[in-house]
Amino acid sequence: MKNRNFKETELLYGIHPITEVLKQKNRKIYTIYTTSNAPEAFNDIQPMLPKGCNIQYVDREILVKMSGTTDHQGLVARVQPY
């Protein structure tokens with residue numbers, strides 16, 4: 001796997017923003033972060049993920065730190081900047 005500079009990526013959080021990026025297919029998704037007890041909507045998102053997309057299972061507190069909010073709905077994505 002290539003070493004990516006995370007300063008050249010953006011974080012998105014929430015089910016709908018991540019779903020829209022997946023539908024549009026105009027931005028690369030590098031990593032999806034979710035909890036081990038993933039939200040139910042993750043079942044709909046998972047088949048849409050591009051081949052080779054990294055899925056990381058982390059504690060909910062990590063998602064709060066990454067997103068800066070408790071409104072992340074259990075999903076955070078590191079994506080190519082818009």
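Residues are numbered from 1 along each chain as its sequence is written, and side-chain values use heavy atoms, with hydrogens and water left out. In this predicted model, local features need pLDDT of at least 70 and side-chain atom pairs count only at pLDDT 80 or more, whereas totals for chains, interfaces and linings use all residues.

Helices (H or I, at least four residues) and strands (E, at least two) are DSSP runs, numbered from the N terminus. Two strands are taken to pair if DSSP finds at least two bridges between them. An open sheet of 4 strands shows mixed pairing, in the order β1-β4-β2-β3. Its edge strands, each pairing on one side only, are β1 (10-13) and β3 (54-57). The pairing of β1 with β4 (residues 75-79) is antiparallel and spans 4 bridges; within it, Y13 stands opposite V76 of β4.

Helix α1 (residues 15-24) packs on the sheet, touching β1, β2 (29-34) and β4, and its direction makes about 120° with that of β1. Contact means heavy atoms within 4.5 Å; axes are lines fitted to C-alpha atoms, for helices over the stretch in contact, with angles from 0 to 180 degrees between N-to-C directions. Helix α3 (residues 60-67) also packs on the sheet and touches β1, β2 and β4, with its direction at about 50° to that of β4.
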